[in-house]
Amino acid sequence: MGPVNTRTILASRDMSWFRDGPSLSTAARGAAAALARRVGLDTHRAAEVALAVTEAATNIQRHATDGALLLRTLHTNDEAAVEFVTVDSGPGMVDVSASMADGASSVGTLGIGLGAVARLADHFDVHSVPGKGTVMAAQFWSRRADAQGVTAALAAGRQCVSGMTRPISGEITCGDAWSARLDTATATATGTGHPAVLVMMCDGLGHGPLAARASAAAVAAFHDTPATDPEGIMRAVHRALRGTRGGAAAVARIEPAAQRVQYCGVGNISGFLIGHDARKTLLSVPGIVGANMRRLRTFEEPLPEGGALAMHSDGLTERWDHTTLPGLLHHAPLVMAGQLLREAGVRRDDASVVVVKGVW
């Protein structure tokens, strides 16, 4: 693919999870309409967002096992969008194409069908494995964004980084956080037009607001520091977490031109390079960022051809196998993240997962 557009790094805000239950579709529809108005979508576009979210939520209620819907906003420097993700544990779709066909809407839904949801969305992706479950994601931008080419870039699959966080059951705030940014100086220095991608994840110790305060401080330090190497960024995060609970953290630097990833982690953040047939574990050292951070080590690995980088907190177990999810690497980073969360997420802990792909 061509050089990465700066709009492929999107900030997400206003995140809310809706669990399956009698009020799912009503609650999700109301929240979606409110978010659409808040980010400036016009009345017609806001109604389309509400319709699509209601159809997706109703499908969960009628046909899915252990389903949930994540609703949030996305932001570039100039525009904003509403995004939703649905995650369920089955039964899965045997034929996704047939389920997307017009007239194939399941009994009890609004009747517009998933194909219509896909047409309403500016970016839509779904991955389903029979017997395991389905992850579906959709973005809705304003028509101004379409005129400026934002949605065209996203629809071309050029959003290279995405992920999600989910709080422990019973909490509203999540003690985990992740963020990403570009090192555009790399593109100039190498003459390739490919900036390096920097990704940071932090798992604040414990749960709730105090853990969230630590991870928020890590995100702020990640964006404020002029450092672009993993160890330099980790030192900035360490300084920012002093006076907080501290946490586990890791930083990855993906260099498409050099075909390598550099990884520096402290504590129980898991990193993996995912290839078509296997995965490679990226190592972290023991310690607590903000309190007891030992000597840092940066590990370097070649990027797998056509692969992806995944990072997650210990709210996901490491006992997942992407080879049991056929075709996963052909899907968008957010859908990949959703499938890993569905496969390995545990309810008794905050969980976060981020995936980088499509830049090498």
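**Exercise 1. In what order do the five strands form the open sheet, and which strands stand at the edges?**

Step 1. The order is E1-E2-E3-E5-E4, with antiparallel pairing. Strands here are DSSP runs (E, at least two residues; helices are H or I, at least four), numbered from the N terminus, and two strands pair if DSSP finds at least two bridges between them.

Step 2. E1 (11-19) and E4 (123-129) each have a single partner strand, so one side of each is left without a neighbour in the sheet.

Step 3. From one strand to the next, the twist averages 10°. Angles run from 0 to 180 degrees between N-to-C directions, with axes fitted as lines to C-alpha atoms, for helices over the stretch in contact.

The model is predicted: local features need pLDDT of at least 70, side-chain atom pairs count only at pLDDT 80 or more, and totals for chains, interfaces and linings use all residues. Residues are numbered from 1 along each chain as its sequence is written, and side-chain values use heavy atoms, leaving out hydrogens and water.

**Exercise 2. How many bridges join E1 to E2?**

Step 1. Seven bridges join E1 to the antiparallel strand E2 (residues 68-75).

Step 2. Ser-12 stands opposite Leu-74 in E2.

Step 3. Helix H10 (residues 333-344) packs on the sheet and touches E1, E2, E3, E4 and E5; contact means heavy atoms within 4.5 Å.

**Exercise 3. Which residues touch the most other members of the largest nonpolar core?**

Step 1. A nonpolar core joins buried Ala, Val, Leu, Ile, Met, Phe, Trp, Tyr and Cys residues through side-chain atoms within 4.5 Å; buried means under 20% relative accessible area (1.4 Å probe, protein chains only).

Step 2. Among the 33 residues of this core, they are Leu-69, Leu-71, Phe-84 and Phe-124.

Step 3. H2 gives the largest share, seven residues.

Terms used. Buried means under 20% relative accessible area, exposed over 50%, partly exposed in between (1.4 Å probe, protein chains only).
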